[in-house]
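Here are some notes to read alongside the structure.

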Amino acid sequence: MTATHANILATAVGPHLFWMTSRAAGIAALLLSSLSVCLGLLMGGRLLKRRGPDLRVAHEALSLATLAALLVHGLTLLGDGYLHPSIGDVAVPFLSGYKTIWTSMGIVAFWALLLLGISYYARTRIGAQRWRRLHRFTALAWILGLAHALGEGTDAGQTWFLAMTALATVPAIGLLLARWLGSASNGVIASNPTARLE
Amino acid sequence: MDSHEPSNRRRPTGYTPEQLQARALARTRRAAMRRRASRIRRSVAALALALFSAAFLGVYAQLASGHDPALSAAARRRTTATASLSAQKTSETAGTSSTASASTESSTSSGTAETSSTPSAVTTSQS
């Protein structure tokens, strides 16, 4: 009886295997990238200053895991029998006819994350200060990816997906806002030193 | 002559015992840091695999139980199209037949029954 059920399920799911794998990889990428953004923002703050080396290793490993999940997310779509996308459709923005804007957002986010991620290994050539400025755009790429997931994701309308996404992204968004607002107020103080005294 | 030789002749490494001790301590700390880093990397890899597996199982369970959002939407579209097609056919038949009202009612009810059917029938249509 159980074997029969398993066979029925396998037959039902078989044609969707690539699609399911892509969805699962996309969800994993969203969670891993949110965690990585959180750690990255914590590294710059004063909250966990003493755990710096550990945080850096975890941030790097999470970023690499995100990139791997994103590669699986895009490459497994090539095997989907329903969409039949070409390599160009999943790698070049504005080429796919399926939800073009949302798909392009995801593709741009992937390339940005990939380039900004691997630029870490060339930061001595780039220059630490310049690399640090460049690395801030990672948050923008993450927001693009989040928009892609919410706008195009198959499960985007599901309560469990929204709850899970909120759980993973709200802390990162909070830290990001704190960083931006902190930088803005620091900028005000830097440009007007008397503002500190007021 | 011997008295002018540097004192580190007795220590071929050129370090004082304190320096050697400090170097050993640094080596130990570096090794501990490397061990901790590899443990963190392994943990992150395990976390990534666990997240992927959990997401895959969730999607699988959703699909197998007939609650997949994409397939349910496809099922709704299909049943709506079928229902409207059958209603159109019925109205055409009603136009030629004298028992028009009875025929329309029966076909509308069959359309509703199709709408509430399980999405498992649509699983093949998605692929």
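Which side chain does A:R23 meet in a salt bridge?

1. The side chain of A:R23 meets that of A:D155, at 2.8 Å from N to O. A salt bridge here is a side-chain nitrogen of Lys or Arg within 4 Å of a carboxyl oxygen of Asp or Glu. The pair links distant parts of the chain, 132 residues apart: A:R23 is in helix α2 (residues 17-44) and A:D155 in the loop between α8 (137-152) and α9 (159-191) of chain A. Helices (H or I, at least four residues) are DSSP runs, numbered from the N terminus.

2. A:R23 has a relative accessible area of 8% and A:D155 one of 3%. Both are called buried because that word means under 20% relative accessible area, with exposed over 50% and partly exposed in between (1.4 Å probe, protein chains only).

3. B:R36 and A:D54 meet in a salt bridge at 2.9 Å, N to O. B:R36 lies in helix α1 of chain B and A:D54 in helix α3 (residues 52-77) of chain A, so this pair joins two chains. B:R36 is partly exposed at 30%, while A:D54 is buried at 12%.

4. The contact (heavy atoms within 4.5 Å) takes 23 residues from chain B and 30 residues from chain A. On the chain B side, α1(B) gives the largest share, 16 residues.

5. The model is predicted: local features need pLDDT of at least 70, side-chain atom pairs count only at pLDDT 80 or more, and totals for chains, interfaces and linings use all residues. Side-chain values use heavy atoms, leaving out hydrogens and water; residues are numbered from 1 along each chain as its sequence is written, and chains are lettered from A and ligands numbered from 1 in the order in which they are written.
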